[in-house]
Structure formats: C-alpha cells, structure tokens
Amino acid sequence: MLALLFVVFALCYADRQAAFSIFPVLKKELGFSDTQLGLVGSLFGWSYALFMPVSGRIADVARRDWLVIASLALWSLATLGTALSNSPTSFLIWRVVMGLTESLYFPAALGILAVLHPGSTRSRALGIHQAAQFAGIIAGGWYGGWAAETIGWRMGFAALCITGIVYSVVLARVFQGVVPSIAVPLPARQGPGSLFRIPLFLALAFSFFWFCAMLWIVYAWLPDLLYERFRLSLSSSGLNATLYIQLSCGVGVLIGGWLADRLALRIRSARLYVVGCGMLLSAPFAYLAFGAVTLEGFRLYAVAFGLLAGFAIANIFAAAYDVIRNQNCGFATGLLNMTGGLSGGAAMLMVGIYKNEFEIISLMAWAAAATALSGVMLCVGARWFIQPALADALPSRRVE
C-alpha cells in the first residue's frame, strides 16, 4: 500500500510543479504578468487548502481507497485543461480545479497509512510517503522545462494527464483486494471539534503556517531566480532548483523519520522536538540559497536546507496523529494542510507582487525568520507545556 501511494503522491507533485518551470514560456506565449505568475501557485494553493478540511472530513466517513482513485483521475484531467488554455484566465481557472481535486488525495492516503502504522513505524511510513513529493518535484521541475524546449509544454502536460488516468485504472484493479477495515473509517467517538482543544495540534498548525510560506517560495520562485541570475536554460534552471533540495530533503525525511521513531520510544514528544529543530535549522539555509552568488554556493546551501527541512516534513503529521484518534485523522490532515496551503499561496503571491519593489532575498528573509522562531516555539512548548499534556492525550497504540 505504501508503494502504491508513493507513486500517486509523486504524480501529484509532478503535475503541480511542472508549471513553475515554464514561467518564461507563459510570459511569452500567454502574456502572463509577474503577479499572474504568482497566482499560478497561489490560486492552486488556496483552492487546495480551503477545500482540504472538507476533503479531510470526507476521508473520515467515506471509503479512502475510492477517494484516492477519484482524486488522481480528476486532477489528471485538470492538468489537461491547463494544456488546452489559451489565456492566463483559463490557465488559472484550471489551476484552481487542480487544487480542489488534488485535495481529495492527501487526507485519504494518510488515513490509510495511519491505520496500518499506529505506533513505532509511523514516522518512517509517513516519511517515506512524504519523500514521494521530492521525487515528484524533481521530475516535474525538470520535465516542465524539458517539455517546453522539446515537445512543447501543451503536449507535455497532456502526457502527464494520460499517465495519471492509466495509473488510476491500475489502482482501481489493485484496490479491489483492500481490507475494508483499512479503507473505511469507523464512526468517531470524538467529534472533529475536539482537535481545537489539543495544544500540540494548535502549535503544529501555527508553525506549519510559517514553514509552508518559506517552503513554497522556494518551490515556486527558485527556478525563475536561477534562470535570471545564472542565465541557465529552462530545463537546467528547473532541474537545479529542485534536484539538490529535493534529493537532500528525501534523505532528511528518511533520517528524521527513523530518528523520531527511535526517540519516541523514550520521549513522548520526540516527534515535536524533531519538527521544531528541523524548522529552526533549515530556515537560515533557505535565506542563504536565495542569496547565493555562485551556482556552486547555491547547491551547497540547497543541500543543507533540504536535509534539515526533511526532519520537519517527515514528522509534522506523525506528531499530530500521536494525540488524535484514527477516526479524525482525515480532518486533522485537512486542517494542517489548509493552514500550510493558505500561507504558501499568500507567500507566492506576495513575491510576485513585490519582487520588483523589494529584492526577493529580502522577502525570503522574513519567511525564514518567522519559521525559525516557530521552531523555537515548538521546542519550548514541548518541554514546558505540550509534553505533560501529551502524556494524558496520547491514544492507544492499537489499530482502532
């Protein structure tokens, strides 16, 4: 199941990331302004985020395997819609549709994995699944630029659609053998409103807000920055902006997941500490990567940023699942992703609006500083407030 969902999540990120590598083409062919380019990420992020609590709640009451299949097929068709667009408006509308349809996937997938991994393997399982996004970002970042320079971006996006539709058919056949207790949630004994009374969950949501603002500035604007600063080709700028960060981030996710699982056997709030340290230590390297004056320096800072950010990415949802019931996993996932999506969308748009007035490194500095302070808050909270509460709130490790 983890392997199957890994592929779906990689396709999810490849489809959304490919658009960021063709910004110069969108400017030239469809007449996009810098603000509209910011909206390519922001409208996707906002629609994805705002619908996430709804899709999360659906994942708590409906068959999660069916939601995974439907989401993959629908966002693939939305990718085709962007390929058929002839104006910035139509392209942006299809990005909204893509955000809505992709939001159905994540809560359902993590709900399945949370049931299969209730205890000492949870961070590793969720971390491996999260690592799929790095594979997808690398593939999408390179593929978008390559397609624009060779077969045409429209044909390239159509090929992504075909790939998703074919794989959704494969999943439909494989999922016929899914055990119902894994795919269908049990009725919740605690309502979704109980999440707002858990200090750990609220602290994670606040910190995730700032972390995602920093992260999505990196994802959306780094290819364009490298293209302009170092005069790289579209495919080379897309590859450099994703390869070093995402490969090292994948390593960081695996190490961070293993480390948190080991520490959690002795320290109740270990996953929270790992998330906080990852945010605190990765933020300075995000700033340094945007300010690099040589390509070699950028690559060094990008590797350091990705490795440390992976610690936080691997454990953010696992830390939340430590204190909630399995029957509310979908809604909790939706709320966290909504928080991150809203901040990420706003951050991408702000860069598009103000990058000519302020240097982009100055905008990154604010996001990185807020992220670092959030990491400090999580570590302090784990020691003085959240750890005692966690001991009382932690549910049974058994599969419910």
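Over the ring of which residue does the charged end of Arg-16 sit? I looked this up first. The ring is that of Tyr-13, and the charged end of Arg-16 is 4.0 Å from its centre. The model is a predicted one, and I read every entry here with that in mind.

**Entry: charges over rings**

I also looked up Arg-95. Arg-95 lies over the face of Phe-20, 5.5 Å from the ring centre.

**Entry: aromatic pairs**

I searched the whole structure for aromatic pairs and found 19. One of them is Trp-216 with Tyr-219, an edge-to-face pair. I noted 5.0 Å centre to centre and 85 degrees between the planes. The angle is over 60 degrees, which is why the pair counts as edge-to-face.

I then asked where the two residues lie along the chain. Trp-216 and Tyr-219 are three residues apart in helix α10 (residues 199–230), so about one helical turn separates them. I checked burial for each. Trp-216 has a relative accessible area of 11% and is buried. Tyr-219 is also buried, with a relative accessible area of 4%.

**Entry: α10 against α11**

α10 packs against helix α11 (residues 234–264) at an angle of about 135 degrees, and the axes are 8 Å apart. I therefore record α10 and α11 as oblique to each other. Their crossing is right-handed. On the α10 side, the contact is made by Val-218, Tyr-219, Leu-222, Pro-223, Leu-226 and Tyr-227. On the α11 side I noted residues including Leu-234, Ser-237, Gly-238 and Ile-245.

**Entry: α4 against α8**

How do helices α4 and α8 run relative to each other, roughly parallel or roughly antiparallel? I looked up the axes of α4 (residues 64–83) and α8 (residues 153–174), which come within 8 Å and cross at roughly 165 degrees. That angle is over 145 degrees, so α4 and α8 are roughly antiparallel. I recorded the crossing of α4 past α8 as left-handed.

Note on methods. Residues numbered from 1 in each chain as written. Predicted model: local features only at pLDDT ≥ 70, side-chain atom pairs only at ≥ 80, totals over all residues. Heavy atoms only, no water. Phe/Tyr/Trp six-rings, centres within 6.5 Å; stacked < 30°, edge-to-face > 60°. Helix = DSSP H or I, 4+ residues; strand = E, 2+ residues; numbered from the N terminus. Buried < 20%, exposed > 50% of the residue type's maximum accessible area, 1.4 Å probe, protein only. Lys NZ or Arg CZ within 6 Å of the ring centre and 35° of its normal. Axes fitted to C-alpha atoms, helices over the stretch in contact; angles between N-to-C directions. Parallel < 35°, antiparallel > 145°, perpendicular 65-115°, else oblique. Left-handed = near helix turned anticlockwise from the far one by under 90°. Contact = heavy atoms within 4.5 Å.
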